Amino acid sequence: MTLTQVWGSVIIFTFCPLLGGLPLISWITYALTSRQLAHLGTGNISVSAAFYHGGRLVGILAVCSEALKGIAAVLIARYFFPTEPTWELLALIMLVMGRYWMGKGAGTTNVVWGVVVHDWKTAFLVFLIAGISFTILRERRSGRLGVLILFPLILALLHPENPARIIVASALGLLLAWIYQKIPDDLDLPPEEGKVKSQRVFRFFRGDKAIISLNSELDYRQVGQKAATLSQLKRCGYPVPTGWVLSPGDDPETLIKYLPVSESEPLVVRSSAIGEDSELSSAAGQYQSVLQVKTETALRAAITVVLDSYNHPVAVDYRRQRQLPDTSMAVLVQKQVLGVFSGVAFSRDPISQQGEAVVIEGVAGDATQVVSGRVTPQQYRVYLQEYEEQGNKSARGNGSSPIQEETANSHPQTSSRSVNISFQIEGSGDLPSSLIEEVAVLARQLEEYYHGIPQDIEWSYDGQQLWLLQARSITTLQPMWTRKIAAEVIPGLIRPLTWSINLPLTSKVWGEIFTLVLGKRARGLDFQETATLHYSRAYFNATFLGKIFRRMGLPPESLEFLTRGTKFSKPPLFSTLRNLPGLLRLLGREWGLDTDFDQDYQQIFAPTLSQVETIPESSPSVLLERIEIILEALNKATYYSILAPLSMSLRQALLQVKDKELDNSQTPEVASLQEISQLAADARHLLSLEQVTDWSSPSLFTTLVEIPDGQSILDQLYQFLESYGYLSEVATDIAVPRWKEDPRVVRQLFAQFLNDPPPIPKQPKRQRWKAEVVQARLNLKGQVTQVYSQLLAQLRWNFLALEKIWLKSGLLSQSGDIFFLEFSEIEILVVDADEQLKEQIPQLVQQRREQLEKHRQLRTVPSLIYGNSPPDPVASDYSLQIHQKLLQGIGASSGQLEGIVKIVVNLQVTPIIDRKTILVVPYTDSGWAPLLARAGGLIAEVGGRLSHGAIVAREYGIPAVMDIENATEVLRDGQRVLIDGQLGIVELLE
């Protein structure tokens, strides 16, 4: 032995133990987490402990530090003994000894990486054989022992000429085996209590073949919807009790031996069948659950009971009735919550299928008493209303208790905006009001998390923590229908003919737009599901539209943003990129929208309007041909009537252009208003004040005929009706008369403007380039609205001509009957002359008239409906609104005004109003513009920043609040209120 080798042996026997004992893992963990590993868990300073207590990053750094130690030891020995590899193994032994006695670790990572450097062929074969065996058998203790035996064995097979090397390798294996017996194993710690990102690795190396925790990401197709849902919610931070899942077909013994079952910590065993708790079928009560499981024997029996319940005749019959396949069942085992109060909650009322109430049922004790029906629970109805913070000012309902929405902000999947929630609770009992409020918030959070699908939850409160035991969709409350947007598009009561024309037109255009973006992913979507009628009123399918927007990578509230100017959450980047080709195609359409419209106006719209302008005395077949020509043009006009407002909204949002920067003078509602106002101003110069004191009487127009130049004013008024006669109270409803048919409204407004001129609209300042870009789309929107409304007016007048013929023939009995027929029925009557249908027409029309009249008598209709067959509307939500002092809506035109309420439900009678009048209307359309311009403020039941009323209000500088549900019922004539058009608040002063 040379002097160099002597020094080498000294270094190996002194430095390597010191290197092994160097506490790098402890230092790394403390530096990154401020945690002392020696005081946590088993007290080991090991790689597995670093992963468990420090997380993935700490664990990776720990692996690197210990690997470098092993590699360094081998390279030091190789430097001093280049031809004697036995010294490399001796260096690893010294390293491991130091690691154990000074560093409180086994040194496994040191040896693994040291052996790789020592002999990569041996290391490769050992890891290959051991890795395959462990992956199959998943027995970690047997796997460790196998590696320690394989290493010297394979080394002996590859290097039989070096027995000393084989002996030292065996000694290294024996040393590790002895250390494994002496120190506790960090892998014995429960994975669910470790760092979330390390749990999957932990479970793999533990060899937990049959043990699946709710902390894992689970597939509902493998473990059922119940277990997958609870897993998802637990990983998102919701308070779900610790639990484990036995997959279908797995041996339960491994799980039984693993679970911590005892008298002090009982378990509950539940079903999680494939297809259970899905959006189509809840399977509630069909399968068994077993509580108070306290021994291994009881756990084994409980699992058997739950699995056997899948084949119970009642459960089998349930699946057959709903055409559900017979698949399999997983078993869910959870730590049982010892509930002080427990129960169920419905985020929406499953009985009334409408309204804003969260329905909560609760009892003292565990939740099974409520679910089983053995005990009558206490029932509560909770109404939540959110108010966003506006500086130091917040609004809340009278008599309600506001809380800060801290619960929502604690969950990563919910909104982080700062809001106050006010509660109104109906019902009384033993449940604390704070618990009732917390359950209600949890139910609504889960509904929001699942894209607005109403949720049925089971909950339990143990005296300190509210626990979520189960969450599933309320299958009877789908789809969700919303009136908020539909009431703007086509408000009021809708007759069959109007609907049979509007629905195919609009659904076809929406289908084209969505298909343009989605491409092949639009297959299977039935766009006729976009809307329907409830209570003879239009409702949009919010569930269906939300599904489409999510496919497009956009938030579910995208439609409200585009049509009403509401807030818009940021879409996920990945989804947006996925739909980028389709969005670019849509952007291409948007970019050339004005050019396309100009071309279609010249080639389609102008020729069609000219062709159908004069209605001849003709046969039904000729009139039907004219109607089909108009419908063909309307099909194209509908495309522009949808895309032009969307384009304007998008540009305004992206360029951040304020409403006051835009000029609305080219929109029909404002243009008509300005023209009739100018006409009244011209007439005012011809009449003395005495002559117009009785401006509401017909004598005014008699006076105009008698004075010089008066006939000129009347001619201009007639010309006004020719130009704007296509407008009406509801331009999109062909059943509603146009101004041209009934000019009384125009004459009354003309007379009122003579006596009380409307204010001069504010002119926007010089526009910046961004405003000019948006202005171009606003002007286009006005042109489209004019064409679309003109075509609908012509359609109405041609149907009236057809009705006139059928009234003479006796097929119809009174004016307006034709609007109670569907277009397909009219086609059959004209083309086929179906005698059987002709005989049914009187009864059919009468039934539909009676139904419409019944729906007209409804005092209120809900803005949201859940399910396809809702019962008659309930008034509970509306009655609660009456007692509120503050009503929250959408601010559509800034300004504040304290004034007197005047309710106007239609334009049949025009009231006398002034600048102290706050008009309260069910909706607004172009035809309402002259009335709105004379008011001091506006409150509307439906609408947003882009509705007709909002546009007129901004044009004339009056405050407007839209979207105050049931405003015409909650408020009353003569009531004094304060409206804030900026915040969207109506304050009741009386």
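In this predicted model, helix 7 (residues 120-137) supplies the largest share of a nonpolar surface patch, namely five residues. The patch covers about 570 Å² and is built from W120, F124, L125, L128, I129 and L158. The protein contains 37 helices and 24 strands, and a search of the whole structure finds 25 salt bridges.

**Nonpolar surface patch**

- L158, one of the patch residues, is located in helix 8 (residues 140-158).
- L158 has a relative accessibility of 37% and therefore counts as partly exposed, since that class lies between the limits of 20% for buried and 50% for exposed.

**Overall architecture**

- Of the 990 residues in the protein, 54% are buried.
- Among contacts with a separation of 6 or more, 69% are accounted for by residues 24 or more positions apart.
- The protein exposes about 44400 Å², and carbon and sulfur atoms supply 55% of this area.

**Salt bridge between E447 and R348**

- E447 and R348 form a salt bridge in which the closest N and O atoms are 2.9 Å apart.
- E447 counts as buried because its relative accessibility is 6%.
- R348 is likewise buried, as its relative accessible area is 7%.

- E590 forms a salt bridge with R651, and the closest N and O atoms are 2.6 Å apart.
- The two residues are 61 residues apart and link distant parts of the chain, E590 being in helix 24 (residues 580-591) and R651 in helix 26 (residues 620-655).
- Both E590 and R651 are buried.
- A network of salt bridges links E590, D594, R651 and R777.

**Salt bridge between E661 and R768**

- The side chains of E661 and R768 meet in a salt bridge with an N to O distance of 2.8 Å.
- E661 lies in the loop between helix 26 and helix 27 (668-684), and R768 lies in the loop between helix 30 (744-755) and helix 31 (769-809), so this pair ties together parts that are 107 residues apart in sequence.
- E661 has a relative accessibility of 19% and so counts as buried, the limit for that class being under 20%.
- R768, in contrast, is partly exposed, because its relative accessible area is 37%.

**Cysteines**

- The number of disulfides comes to zero, where a disulfide would require a pair of cysteine sulfur atoms within 2.5 Å.
- C16 is buried, because its relative accessible area is 0%.
- C236 is also buried, with a relative accessible area of 9%.

Note on methods
Residues are numbered from 1 along each chain as its sequence is written. This is a predicted model: local features need pLDDT of at least 70, side-chain atom pairs count only at pLDDT 80 or more; totals for chains, interfaces and linings use all residues. Side-chain values use heavy atoms; hydrogens and water are left out. Patches are made of residues with over 30% relative accessible area and no salt bridge: like charges are joined within 9 Å, nonpolar side chains (Val, Leu, Ile, Met, Phe, Trp, Tyr) within 5 Å. Accessible areas come from the Shrake-Rupley method with a 1.4 Å probe; for residues, only the protein chains shown count as cover. A salt bridge is a side-chain nitrogen of Lys or Arg within 4 Å of a carboxyl oxygen of Asp or Glu. Helices (H or I, at least four residues) and strands (E, at least two) are DSSP runs, numbered from the N terminus. Buried means under 20% relative accessible area, exposed over 50%, partly exposed in between (1.4 Å probe, protein chains only). Contact means heavy atoms within 4.5 Å.
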